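Student: I have the model open. Can we go through it by question and answer?

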Amino acid sequence: MIKLSLPHLAGKEKEYVNQAIESTWIVPLGPFVDEFEHRLDSYLGEGRAVALSAGTAAIHLGLVMAGVKTGDEVICQSLTFSASCNPIVYLGGKPVFIDSEKDTWNLDPELLEHAIEDRLRITGNLPAAIVAVHLYGMPAKMDRITEIASRYGIPLVEDAAEALGSEYNGRKCGTLGNFGALSFNGNKIITTSGGGALICRTEEEADRVRFLATQARENRPYYYHKELGYNYRLSNISAAIGCAQIEELQTRVERRRQIHAIYRQLLSQIDGVTVHDNPSPEFNSNFWLSTILIDKAKTGKTPDEIRQSLLSQGIETRLLWRPMNMQPIYQNCPYYTSMADNQTGETGIGEWLFDRGLCLPSGSSLTDNDISVVVDSLKNAISMK
Ligand SMILES: *Cc1c(COP(=O)(O)O)cnc(C)c1O
């Protein structure tokens, strides 16, 4: 079976986990947690990382730090995984969804500005925060988005869960907004077996996130709480795995980019298949997942038909994230798109992409031969009409 994106062991995980156990630091703090944060900081080159129990927890605390409160509206990219926006609702906030653009597949800056003005007109208030996502590792147009966010004074939370190692204009994703969320879930670029991090701009903010993530416990000899806390710190055991994983981070990112380059080359000959690529030189995706668009008129197949055919050949692929405006739980939220009058009946670029897109096996442990097998099977799936 060729899987979509499996954990890729670096070698030293056992050694570090053993060290953690022998030191009896089997708790959600400890030397490996500190070391993991240091290594993240030096890899990212700017910002202050706080290691947390999940990427979702990082987005949640990013929104707390942004000041989101009950009843606030928060803008979020619609084409994403539900973990980008669920934390808005955890805080009693109301998501406002924005469609993507066709080149990056991410938050459309023009629509963002339009939506901010429209919410101000309708509610009398500015949205309390913006969640921008770097989907499949592709950076969003952060120069435009940060300019708009800072012009209106709205805090920007980057969901960089899929984008560790991606760069925009030479700067690492996760360091470009006011707060950046990373994920170390098993299927991401590197893993702690489950974990995440929130990247802050200053040490003071990072300390405040650490405080909130450890039950907002005041510094007194007894338990004393003035604020609502969370139990979101990463365990020292998980951080030990993370320390081993981060030693290979650069090679893991390079491998994902190589896999994308092989797909791009081998699939360029197939009529009706387009590999999603960096739109221009300021974008440098980590290509967490290599993704393609399939033109049914030319291939005779829908993405799901191709998915099923590949599955029967032992290859796991996945349809794109189904946009949030199409999810029953979120279908009544405000949603902004520029494609309302389209001919196809689709609800926007997000749905347009969802109807055509497919994620290919992209794990850094895949061999060149695995990729050839995927490409040959894809060709078969298309010609078996
Ligand atoms: C994985 C992911 C998350 C959540 O990360 P967890 O560590 O699984 O909680 C959030 N947003 C996106 C876009 C993701 O892909």
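**Salt bridges, sheets and a helix face**

Student: What is the relative accessible area of Asp368?
Tutor: Buried means under 20% relative accessible area, exposed over 50%, partly exposed in between (1.4 Å probe, protein chains only). Asp368 counts as partly exposed, because its relative accessible area is 44%.

Student: What kind of model is this, and how are its residues numbered?
Tutor: It is a predicted model: local features need pLDDT of at least 70, side-chain atom pairs count only at pLDDT 80 or more, and totals for chains, interfaces and linings use all residues. Side-chain values use heavy atoms, without hydrogens and water, and residues are numbered along each chain as its sequence is written, from 1.

Student: How far apart are the closest N and O atoms of Arg255 and Asp368?
Tutor: A salt bridge is a side-chain nitrogen of Lys or Arg within 4 Å of a carboxyl oxygen of Asp or Glu. Arg255 and Asp368 form one, and their closest N and O atoms are 2.8 Å apart.

Student: Which helices does that pair link?
Tutor: Helices (H or I, at least four residues) and strands (E, at least two) are DSSP runs, numbered from the N terminus. The two residues are 113 apart in the chain. Arg255 is in H9 (residues 249-267), and Asp368 is in H13.

Student: Is Arg255 buried or exposed?
Tutor: Its relative accessibility is 15%. So Arg255 is buried.

Student: How many residues separate Lys141 and Asp103 in sequence?
Tutor: The two form a salt bridge with closest N and O atoms 2.8 Å apart. Lys141 lies in the loop between S4 (129-133) and H6 (142-152), and Asp103 in the loop between S3 (94-98) and H5 (109-123), so the pair ties together parts separated in sequence by 38 residues.

Student: Which residues does Glu37 contact, leaving aside neighbours within four places in sequence?
Tutor: Glu37 is in helix H2. It counts as buried, because its relative accessibility is 5%. Contact means heavy atoms within 4.5 Å. Its contacts are Ala49, Val50, Ala51, Arg210 and Arg233.

Student: Why is S1 called largely enclosed?
Tutor: S1 is joined to S9 (residues 196-200) by 5 bridges, running antiparallel. S1 is largely enclosed by the rest of the structure, because its buried residues number 4 of the 5.

Student: Which residue in S15 stands opposite Arg318?
Tutor: The antiparallel open sheet of 4 strands has the order S10-S12-S15-S13. S10 (273-275) and S13 stand at its edges, so one side of each has no neighbour in the sheet. S13 and S15 are joined by 2 bridges. Opposite Arg318 stands Cys359.

Student: Within what arc do the buried residues of H11 fall?
Tutor: In H11 (residues 303-312), Pro303, Ile306, Ser309 and Leu310 are buried. These residues line one face of the helix, because, seen down its axis, they fall within an arc (from the directions of the C-beta atoms) of 125°.

Note on methods: Two strands pair if DSSP finds at least two bridges between them.
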